[in-house]
Amino acid sequence: MPAKILVLNGPNLNMLGTREPAVYGHETLADVHALIQARAGELGVEADCRQSNGEGELVTWIQQARGDATAIIINAGAYSHTSIAIPDALRAAELPVYEVHLSNIYQRESFRHHSHISAVAVAVLCGLGPDGYLYALTAAAKAAD
Ligand code: DQA
């Protein structure tokens, strides 16, 4: 059975490509998912890529990953800075968590400098654009090997 890595994107990341391209780049979420799937194929792992604007739906998917997925890669968007429910669910899932942000959140407004998810993550990749997901996927696949 190949390692199965759940890749979650949170609110407004469905708007990639048109949303503040100077900050988030020109790739759409479909482009990012295609890059992830290509790398997953190279690594011999399965990537299950999903996006939701809803905190509750993200929590439900994280709960369902317990016992099913090998690792979770998550860019929770603005929920990274506000949600307690998402890190609670991640803790309960008992899976390695890789946190990704396209932008360097530390170079931005101070309210973006703290993420509640970082405390439950094995690694945080930010400021690398879509490559952050690919590095996280590589790390998750290596850890599952
Ligand atoms: C983001 C950074 C967050 O502060 C922001 O709310 C997002 C995207 C990023 O990928 O850089 O929606 O997570």
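Author: Welcome! Here a residue counts as near a molecule if one of its heavy atoms lies within 4 Å of it. Keep in mind that this is a predicted model.

Reader: Thanks! Which residues are around the ligand?

Author: With that cut-off of 4 Å, the list draws on several stretches of the chain. It includes Arg 19, Tyr 24, Asn 75, Gly 77, Ala 78 and His 81.

Reader: How much of the ligand's accessible area does the protein cover?

Author: On its own, the ligand has 320 Å² of accessible area. Of this, the protein covers 99%.

Reader: Is Arg 112 buried or exposed?

Author: Arg 112 sits in the loop between E4 and E5. Its contacts include Tyr 24, His 81 and Ile 105, and its side chain makes a polar contact of 2.7 Å with the side chain of Glu 109. Buried means under 20% relative accessible area. Arg 112 has 14%, so this residue is buried.

Reader: Moving to the nonpolar core, which element gives the largest share of it?

Author: The largest nonpolar core has 25 residues, and those with the most contacts inside it are Ile 5, Val 7, Ile 36, Ile 73 and Tyr 133. Elements giving two or more residues to this core are E1, H2, E2, E3, E4 and H6. The largest share, 6 residues, comes from H6.

Reader: And how many residues are in the second, separate core?

Author: Among its members are Leu 8, Val 59, Ile 62 and Ala 93. This second core has 21 residues.

Reader: Which elements do the buried residues of H6 pack against?

Author: Those buried residues are Gly 132, Tyr 133, Leu 134, Ala 136, Leu 137, Ala 140 and Ala 141. Three of these names, Leu 137, Ala 140 and Ala 141, are also among the residues that Ile 5 touches. The packing partners of the buried H6 residues are E1, H2, E3, E4 and E5.

Definitions and conventions:
Residues are numbered from 1 along each chain as its sequence is written. This is a predicted model: local features need pLDDT of at least 70, side-chain atom pairs count only at pLDDT 80 or more; totals for chains, interfaces and linings use all residues. Side-chain values use heavy atoms; hydrogens and water are left out. Buried means under 20% relative accessible area, exposed over 50%, partly exposed in between (1.4 Å probe, protein chains only). Helices (H or I, at least four residues) and strands (E, at least two) are DSSP runs, numbered from the N terminus. Contact means heavy atoms within 4.5 Å. A nonpolar core is a set of buried Ala, Val, Leu, Ile, Met, Phe, Trp, Tyr and Cys residues joined through side-chain atoms within 4.5 Å. Accessible areas come from the Shrake-Rupley method with a 1.4 Å probe; for residues, only the protein chains shown count as cover. A polar contact is a pair of N or O atoms within 3.5 Å; within protein, one must be able to donate a hydrogen and the other to accept it, and residues adjacent in sequence count only if both atoms are side-chain atoms. Lists of a residue's contacts leave out its neighbours within four places in sequence.
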